[in-house]
Amino acid sequence: MIEPKTVLVLTPSLGGDFFGEILAGIEREIAGVGGRLVIVETLVAGAPRDEVGAPGVFATRAAWARVDGVVAITSAVGANYLQRLRDAGKPVALISNAQMPGFEAPIARPDNRAGTIAAVEHLIGHGHTRIGFVGNLAQPDIRDRFDAYEQTLAAHGLKGDRPLLYSASQNAETGGAYAARAVLSAAHRPTALMVATDRNAIGLMQALAAAGLEVPRDIAIVAFDNIGAGTFSAPALSSVDQRFDEVGALAGRLVLAQMRGEDVPHVAYRTDPAALIVRESCGCDIDAQHSESARGDLTAEEATQALRDATQDLLQRELLTGDDAVDGRLQDDAMATVDGALHLIELGDDVTAAQVQSVMDAFRGLTSRPDTLRRLTDAMANYNQSSAMSEAPTAEATLRVSGRVAAALWKAQAGAFLHRAEAGDAAIAEQYAVDAGLLDTAGSDPRDLNWLAGTHVKSAALGIWEDGEPGGRLEIVGTHGTSAGLPETVGQVLAAEDFPPEALIAGALAGSGVAASGREVCVVVPVSTRDRDWGLLALVAEIDPTTARETYQHWAALLSASLESQRLQEEVRRSALFDALTGLPNRELFVAQLEHALASCERSGTPFAVLFIDLDGFKLVNDSLGHQMGDRVLKAVGTDLTGQLRAVDIAARFGGDEFVILLADTGQEDAVVAAHRVQAALGQVHDFDGHQMVLRASIGVATSAFAYASAEDVLRDADTAMYRAKSAGPGSVELFDTPMHERSQQKESLKQEIYQGLQNGQFEVHYQPIVNLASGRTDRFEALVRWRHPERGLLMPAEFVSFMEDTAIIFQFGHWVLDEVCRQLVEWGQAVTSVSINVSGKEFWSQDLLRHILATLRRFDLETDRLTLEITESVLMRNPEMARRLTREMRQSGLRVHIDDFGTGYSSLKTLHQFPMDAFKIDRSFIQQLTRDDDSAELISSLVTLGKALGLSVVAEGVETDEQLALLQELGCATAQGYLFMPAVTGARATELLGRTVRDEGPQTVS
């Protein structure tokens, strides 16, 4: 069996009068020899489709191995692409107006010259001498028409110093409207216009009519292309009948000749001259519509034969499929229909309405395309004109009958346009269904092509670039339809040259032997956007030159958007479960897997172990080599850990330099062995661009030897063991054992007791006075919390606050303290200037702290300066830059801010100067050493002097002896607090101190 020849057509676009007709002509010619087409649309997504510009950037070798020859339309691809095709042994023909720079081939091009000459001479024949030109000269076709226009004017002696050129911005209606503005504003308007395209002319006439001008009375117009819309414009548009399908057919013949081995010179080949179809816009009477080729000297027999030839040629040219059996029947039917129409005309006045209707039904049976019926109507109008010019005695009767036939054709044509409108509505409904299917990324996978169900597409295949690399290999991820062998291609990986699959191209061939309105070809469209190339979509569908809708490109664009949405959703899902830097599971996924391990242990006794890993010295890497190097180290750690896992194990990154491993079916001893194996892997020399590192980690191990209620409990104990390992020294491994477990239970018990204490009101806020050393009085206090434990009595903060700071309880506790202090401030009124509260590290770095404090003060109707926030120096020095910003915001809001425990955080004087503070408190450890015989007096003196220099108040904490007090007074310290004056007391007792000398009250009065 001889394989059919296949032609690859490269085109920027598929639809519309130009590209659609060209493709239909190519298909007709290739089908005529039993061949088949693969049409690849190359235009970049989103680019304008009506204009022909520079060659596109399309570089995919789609279908190269499947085809025997190539036709490239206008700017579909560049010269390099075509040269590579020729080097691959594929003959090439072009449809263009000129040879492509860098690549020569046979060129099929329309005859723009003869039609334009006929149009301009027709206007001259109407007596016009000021004839202008409207068009977009950026396109070669339009320049050809303009050149012919100028030459015709010159031949008639009408060319002036400057041609009446009115530029159109593009070839569609908006371009004509654009040119109309220049025409209307011209000082000396032309009386007639040669317009380069029908769509330009339609937009032009609408704009002229809106300005009050009447066509053709004020300006006569002739255009080019003879599209259907021009027939029904107001007035009906006279136009050059440029048959773009003939250009396509010519290109098909050129490539077929080369495929047969014929020597086809690399020159331009033109189609037959186009005829001028005269209607109303040129100034001719509507009843005298005719072709410029009509001649009044024809006899009746000659006119009848001319109609027979024109009609038969039209029907055969429009309807042939390439299938001999089908085409034989069509030719017979076409001849019978033409003979029937001519017989009616020969009957003259004796023809009946039923006979006319019978012939019209035969025409409609051959084709439902409005363009074909329109051209039949034009042929009949031409015959009318010939008959009217004839002196035969039967001319009048013949004219009446042919007029009735033409009227019937007009009616059939109107019905065809109605059918097209209905088809357009159906296409919109189909598009809506496709849009809904593609946009529903949550409900289905767009790659399976289920969204094509119910569409007109017979079959399809989607190829996605393997590994996301455009131009390489395509994996067929979905198919649609039941063409033989097509469903079995899913999962196959093909080179771009082998796409689309042979089964899909063969499916198009199997469907080609149908009526002309239903010709099927294999169309390939890129599934891409400007930012991403996903692959190729191939479909078996019809060529429809009657619409400019780019249906398949629209589908491909929506498919791209759907695939991108799917990718982003997958990224979101992955980012929710995986660490972006290392690609390891994150905490959420790890905890879920650990919960499964707990359930399995409870159900079947399968043991497990968790390794909690914290890198030693990682901060030094970040600080000395930068965060980019730190990220590379973390990636390397992830790789090392993964290399130590079995298929049943899982490693995760919790953030920072913390990693965890879940070991399935592993007991204590094996878990410790695995931990040391991890240490050994990390301990190998790692080379990072010349920086050689040996990594070490502290590892805590928790196993299912203890009964756990949740995954978080396991992680808590593994974390505890890790901190024990870190305290033992870098590179240590610690197993969570019974003593640790007991301490952990104690902490858990304390946690529960604290929750109960908060709920049962066991905590109390006491107030320690901050004393003015000059007056001995106080109007400020520091709020200090006591826990009146039901079993252990009154507990100091040291016994519970440090635990709170390690948990989220500290936030709830801090909110309660703030409420209590504000309530007490309201009770005291203006007698107390300010109360200090201590802010923990977790609270200070919380984004919600300042907002909550200000909201609470507003709730109690208190000014912000009634509250002082005490923040320890060590907290501030964790991130000085961020601390400066936060403290600046606090002070700008009106709050007072003090540095607590100053001298313990190793801050520099420069750093202290940069913090926006009101005061700093000298840590009690310095005060306790203060005696006349100790050097610490010099340090305290320096700090007091520093405070004065910076404009900061200085508070001495922990004053307990008269000697310390005397020395502080001598050194110039203005305020202090401590047991020498009074310990923290209840709010009621503190109230009694207001207005009194605190020292006189003495610490012995504490309640």
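The legends below describe close-up views of a predicted model.

**View 1. Packing of helix 21 against helix 23.**
Helix 21 spans residues 738-759 and helix 23 spans residues 809-828. Their axes come within 11 Å and cross at roughly 25°. Because angles under 35 degrees count as roughly parallel, helix 21 is described as roughly parallel to helix 23. The crossing of these two helices is left-handed. Helix 21 contributes Lys 751, Ile 754, Tyr 755 and Leu 758 to the contact, and helix 23 contributes Ile 809, Gln 812 and Phe 813. By class, the residues of this contact comprise five nonpolar, one polar and one charged.

**View 2. The largest nonpolar core, with Ile 754 and Val 821.**
This core has 75 residues, and Ile 754 and Val 821 are those with the most contacts inside it. Helix 23 supplies the largest share of the core, nine residues. When neighbours within four places in sequence are left aside, Ile 754 is in contact with Phe 763, Trp 787, Phe 800, Phe 803, Met 804 and Ile 809. Of these partners, Ile 809 also takes part in the contact between helix 21 and helix 23, as does Ile 754 itself. A second, separate core has 49 residues, among them Trp 451, Leu 452, Ala 541 and Leu 563. In soluble globular proteins, nonpolar side chains tend to be buried together.

**View 3. Packing of helix 20 against helix 21.**
Helix 20, formed by residues 711-728, packs on helix 21 at an angle of about 120°, and the two axes are 11 Å apart. Helix 20 is therefore oblique to helix 21. Their crossing is right-handed. On helix 20 the contact involves Arg 716, Asp 717, Ala 721 and Arg 724, and on helix 21 it involves Met 740, His 741, Arg 743, Ser 744 and Glu 748. The contact of helix 20 with helix 21 has two nonpolar, two polar and five charged residues.

Not counting residues up to four places away in sequence, Ser 96 touches Ile 107, Ala 108 and Arg 109. Ala 72 is 24 residues from Ser 96 in sequence, yet the C-alpha to C-alpha distance between them is 8.6 Å.

Pro 216 belongs to the loop between helix 6 (198-210) and strand 9 (220-224). Pro 235 belongs to the loop between helix 7 (228-231) and strand 10 (238-241).

**View 4. Positive phi values at Asp 689 and Asp 901.**
Asp 689, a residue other than glycine, has a positive phi near 50°. It is placed in the loop between strand 21 (685-688) and strand 22 (691-694). With a relative accessible area of 62%, Asp 689 is exposed. Asp 901 likewise has a positive phi, near 55°. Asp 901 is found within strand 30, residues 896-902. The relative accessible area of Asp 901 is 22%, and this residue is therefore partly exposed.

Note on methods. Residues numbered from 1 in each chain as written. Predicted model: local features only at pLDDT ≥ 70, side-chain atom pairs only at ≥ 80, totals over all residues. Heavy atoms only, no water. Axes fitted to C-alpha atoms, helices over the stretch in contact; angles between N-to-C directions. Helix = DSSP H or I, 4+ residues; strand = E, 2+ residues; numbered from the N terminus. Parallel < 35°, antiparallel > 145°, perpendicular 65-115°, else oblique. Left-handed = near helix turned anticlockwise from the far one by under 90°. Contact = heavy atoms within 4.5 Å. Nonpolar A, V, L, I, M, F, W, Y, C, P; charged D, E, K, R; others polar. Core = buried A, V, L, I, M, F, W, Y, C linked by side-chain atoms within 4.5 Å. Buried < 20%, exposed > 50% of the residue type's maximum accessible area, 1.4 Å probe, protein only.
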